Each structure stands twice: as C-alpha cells, then as structure tokens.
Amino acid sequence: MARPKSRRLVASLEVDEFNEWSSETAGPSQRQDVDGGHQQLQAKRKRGRHSALTREEIDRKACELVRFVINSDHKKHPVKRADIVQSVMREQADAFLEVLEAAREKLKTIFGMNIVELRTRSNKFYILVDELSRDVLEDMDRSDSGPEMALLSVVLTLIFMNKGPLPEAELWPMLTTLGIKKDAVHEVFGRVTKVIEEFVKQMYLDCQKEVGADGRHLVYTWGARAKEELDPEDILKFVARMHEMDVELWRKQYEDRLQGRETA
C-alpha cells in the first residue's frame with residue numbers, strides 16, 4: 001500500500017492536486033475500493049437518504065477534510081465536529097456524514113489511516129489512527145515526540161496500576177521518586193506541568209476536579225485517545241523495558257509503594 005513520506009505532504013496539496021495525486025498513488029484495488037465507496041454513496045442518494053451534493057462535490061469536500069484533519073493532527077489535538085463543520089462543510093453541513101465516509105475511504109485505502117470518533121460529555125471529536133502499524137508505543141518511541149511519550153507512558157502506567165482515578169496530590173510524589181519534580185524544569189521533558197497539560201488537550205489524559213473532605217482537587221484518568229490507541233498491559237511492559245526492569249518486579253515495587261502509602 002502506497003503512503004506519503006509525511007502527512008505534511010498531504011496537508012500541503014491543493015484539493016485538485018490531492019485528487020490527482022491520490023488517484024496516481026492508489027493501486028488498482030485501492031481505486032476500486034474508493035470507487036466502491038462512491039457507489040455506496042450514490043446508492044444512498046437513490047434511497048433518498050442524501051444531501052444535495054453531487055459525487056464530485058462530496059469528493060472535493062472529502063479531500064478538504066483529509067487535509068484539515070492531517071493539519072490538525074500535527075500536535076495530536078483532537079478535532080471538534082463543530083470545527084469541521086465551520087472550516088470544511090460550511091453551508092453543506094447536512095452532508096457531513098457522507099463527506100466523512102468518503103474521507104475515511106481515502107485515508108484507509110491510500111494512507112492506511114482512519115478517522116476515529118471520540119465522545120466526551122458534551123462534544124464529538126475526531127482523531128487519526130494509523131491502521132497499518134498497531135504498535136503505537138514503538139512509533140511514539142521513534143518519533144520526534146519520543147521523550148514526551150515516554151513520560152506519558154509512565155503517567156498512564158501509574159493511573160492503570162492505581163486501579164482507579166489518580167489524584168494529582170498522589171501523582172507528583174510518585175513522579176518525584178523517578179526524578180521528575182513538579183516545579184522544576186526537567187532536562188529531558190522541560191516543564192513537566194506544561195507537558196501534562198498538553199496530554200490533556202490531546203485526550204491522552206482526562207483531568208477532572210473533584211470535591212473531597214479536604215476541598216477541591218484534580219484527578220487523572222486515561223483519556224479517550226489513550227483508550228482507543230493503547231492497551232494497559234502494553235504500556236506496563238513498555239515502561240518496564242524503558243527502566244530495564246522485569247514487568248512483575250515493576251508491578252511489585254509499585255504495589256509495595258502503594259501499600260506503604262496507605263499504612264503511613
């Protein structure tokens with residue numbers, strides 16, 4: 001399956017150039033898949049469940065949507081449905097589902113990626129997921145954001161092994177034992193509080209305010225993107241390997257630390 005060297009290449013193409021380039025890049029079977037997707041859309045129109053857009057207009061909007069989500073994915077920030085409607089669909093908002101389906105076909109058959117919908121309490125978001133490489137952790141490790149993703153893996157592991165939401169007041173003492181201090185500038189991660197805030201924006205982490213006997217405090221859980229992309233046991237193995245430790249030893253040390261905290 002042919003893929004671009006970089007997502008930035010796709011983001012830089014004009015819509016007509018993207019149409020021409022994607023047609024040339026796709027193999028015969030891939031072009032057949034895309035055409036099949038268009039035929040399905042045409043069939044829906046005949047059944048009366050369609051917008052007023054023509055096939056060409058849907059194809060053009062789908063190319064715009066592909067470029068929009070790839071541009072937005074550079075910082076791994078999820079895209080709100082409302083932002084897609086405002087920036088891509090505009091007055092054709094009624095055709096959103098048809099355009100989204102056509103964009104998914106292009107991303108899947110040409111680039112091996114998929115647009116995945118994530119839901120929160122009040123919004124729908126969309127992210128890009130690489131369907132060809134499911135070893136997300138290894139991809140993170142090799143990318144430019146490798147150090148930040150290593151930190152994310154540690155935080156997700158601490159949340160997972162806590163077996164429930166992890167209060168901020170407990171997160172930082174745990175990170176401090178690893179040499180990561182809240183108010184210091186780390187030599188690798190920089191200002192860690194800012195990095196963790198970015199993880200929340202990317203929906204790898206979910207941060208909520210809770211009210212307890214000691215007042216309001218923040219708690220962290222796995223975010224919607226982390227649940228979609230990552231497996232808890234894989235995260236645990238990744239962090240253990242990063243620290244050159246056996247998984248079970250890492251688990252035991254954490255549980256011993258947790259028990260010591262509870263009896264203190």
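Welcome! Three strands, in the order E1-E3-E2, make up an open sheet with antiparallel pairing. Strand E1 (79-80) and strand E2 (113-119) are at the edges with a single partner strand each, so one side of each has no neighbour in the sheet. The model is predicted: local features need pLDDT of at least 70 and side-chain atom pairs pLDDT 80 or more, while totals for chains, interfaces and linings use all residues. Residues are numbered from 1 along each chain as its sequence is written, and side-chain values use heavy atoms, leaving out hydrogens and water.

**Strands and their partners**
- Strands here are DSSP runs (E) of at least two residues, numbered from the N terminus, and two strands pair if DSSP finds at least two bridges between them.
- Two bridges link E1 to strand E3 (residues 124-130) in the antiparallel sense, and Val79 has Tyr126 in E3 as its bridge partner.
- Strand E7 (residues 205-212) and strand E8 (residues 215-222) run antiparallel, joined by eight bridges.
- Asp206 has Thr221 in E8 as its bridge partner.

**A charged patch on the surface**
- Lys75, Arg191, Lys194 and Lys201 come together on the surface as a patch of positive charge.
- Such a patch takes residues with over 30% relative accessible area and no salt bridge, with like charges joined within 9 Å; a salt bridge is a side-chain nitrogen of Lys or Arg within 4 Å of a carboxyl oxygen of Asp or Glu.
- Arg191 lies in strand E6 (residues 190-191).
- Arg191 counts as partly exposed because its relative accessibility is 39%, where buried means under 20%, exposed over 50% and partly exposed in between (1.4 Å probe, protein chains only).

Notes. Patches are made of residues with over 30% relative accessible area and no salt bridge: like charges are joined within 9 Å, nonpolar side chains (Val, Leu, Ile, Met, Phe, Trp, Tyr) within 5 Å. Accessible areas come from the Shrake-Rupley method with a 1.4 Å probe; for residues, only the protein chains shown count as cover. Lys and Arg count as positive and Asp and Glu as negative; His and the chain ends are not counted. The place of a charge is taken as NZ of Lys, CZ of Arg, CG of Asp or CD of Glu. Helices (H or I, at least four residues) and strands (E, at least two) are DSSP runs, numbered from the N terminus.
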